[in-house]
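Dear colleague,

Here is the structure for your files.

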Amino acid sequence: MSMLEIKDLEVYYGVIQAIKGISFHVDEGEVIALIGANGAGKTTTLQTITGMLNPKAGSIKFEGTELTKVAGHKIVSMGMAHVPEGRRVFAQLSVLENLKLGAYTRKEKKEIEESLKRVYKSFPRLEERKNQLAGTLSGGEQQMLAMGRALMSKPRMILMDEPSMGLSPIFVEEIFNIIKEISAEGTTVLLVEQNAKKALAIADRAYVLETGKIVLEGDAKELMSDESIKKAYLGE
C-alpha cells in the first residue's frame, strides 16, 4: 500500500478549476518531485493534501486514512508536515521559539529535546542563532528554519513547497543536500520545486503538472533525459 494515495482529485477556486482530476501516489521512503510551470497547480495540490484547501471531489489517503475531512492540525499529528512556499516563519519570535512551535502536537518533553538536537545537527546555523528573531535571518536561514520547524513534529512524511525559491546558489546546494539527508534518515518526501534539474537529480520518481493535470510521470532520471522535459523545464 502506498503511504500517500491521491485519486481523481478536483479543486476549485470559486468557478475556476485549479486541479482537474489528478491521481498519483507516494510510497514509503521515496522522494517524489512534482514539477511544472507557475500556475500549474503544484502549491494547490500540497495545500489540499494538508487540509488548507477543500477538494470538490476525489480522495486523499495517508497510510490508509482518508484526509479530505480531517482538520489540518490533526493531519500534522498523524505524521505529515508541510513546509509552505515563502517560508512563513514567525518573524517576531526567536529561532528557538519557532522550532518549539513545530512540536506543538507533541507532549513528551524529552523527545522534543531530542528532536531539537537532531534539528541543530542538520542545521548548525540555527543553533548559533537560536536566540535571534526569525525575521532578521537571511532568506536561506529562514528556509532552514521552516524545514527545521516541520521536522520538530517528527513527521513520517514531509511536503516541501519551493524550498529553493529566491535563494543564492550556495544555499540552494545546501538545502538540497539537507533534503537528501532527511530522506536518508527515513522520512518520505514530496517535493514541489521550480528548479526541475535539482529536483529530478534527488528524486526517485516525478510527476509533471500542467494546468491542473498530470501530463507525464516516471522515473526521475529517465524524465531528466526526456526531450520535452529538457526543453520545457531544464533550459536545454
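The notes below take the salt bridges and then the pockets.

This is a predicted model, in which local features need pLDDT of at least 70 and side-chain atom pairs count only at pLDDT 80 or more, while totals for chains, interfaces and linings use all residues. Residues are numbered from 1 along each chain as its sequence is written, and side-chain values use heavy atoms, with hydrogens and water left out.

Salt bridges

The structure has nine salt bridges (a side-chain nitrogen of Lys or Arg within 4 Å of a carboxyl oxygen of Asp or Glu). One of them joins Arg125 to Glu174, with the closest N and O atoms 2.9 Å apart. This pair links distant parts of the chain, 49 residues apart: Arg125 is in helix H5 (residues 124-128) and Glu174 in helix H7 (residues 169-184). Helices here are DSSP runs of H or I of at least four residues and strands are runs of E of at least two, numbered from the N terminus. Arg125 is partly exposed at 25% relative accessibility, and Glu174 is partly exposed at 24% (buried is under 20% relative accessible area, exposed over 50%, partly exposed in between, with a 1.4 Å probe and protein chains only).

Glu111 and Arg106 form a salt bridge at 3.8 Å, N to O. Here Arg106 is buried, at 14%, whereas Glu111 is partly exposed, at 37%. Lys230 and Glu227 also meet in a salt bridge, at 3.8 Å; both lie in helix H10 (residues 227-233), three residues apart, about one turn of the helix. Glu128, Arg129 and Glu141 are linked in a salt-bridge network.

Pockets

A pocket is an open set of points on a 1 Å grid over the protein atoms alone, where a 1.4 Å probe fits, with protein on both sides within 12 Å along at least five of seven lines; lining residues have an atom within 4 Å of a point. Volume is the space filled by probe spheres set on the points, which are joined across faces, edges and corners.

The largest pocket has a volume of about 460 Å³. Its lining has 20 residues, with Val76, His82, Pro84, Tyr104 and Arg149 nearest the centre. By type the lining is twelve nonpolar, six polar and two charged (Ala, Val, Leu, Ile, Met, Phe, Trp, Tyr, Cys and Pro are nonpolar; Asp, Glu, Lys and Arg charged; the others, Gly among them, polar).

The second largest pocket has a volume of about 320 Å³. Helix H4 gives the most to its lining, five residues. That lining divides into four nonpolar, three polar and five charged residues.

Regards
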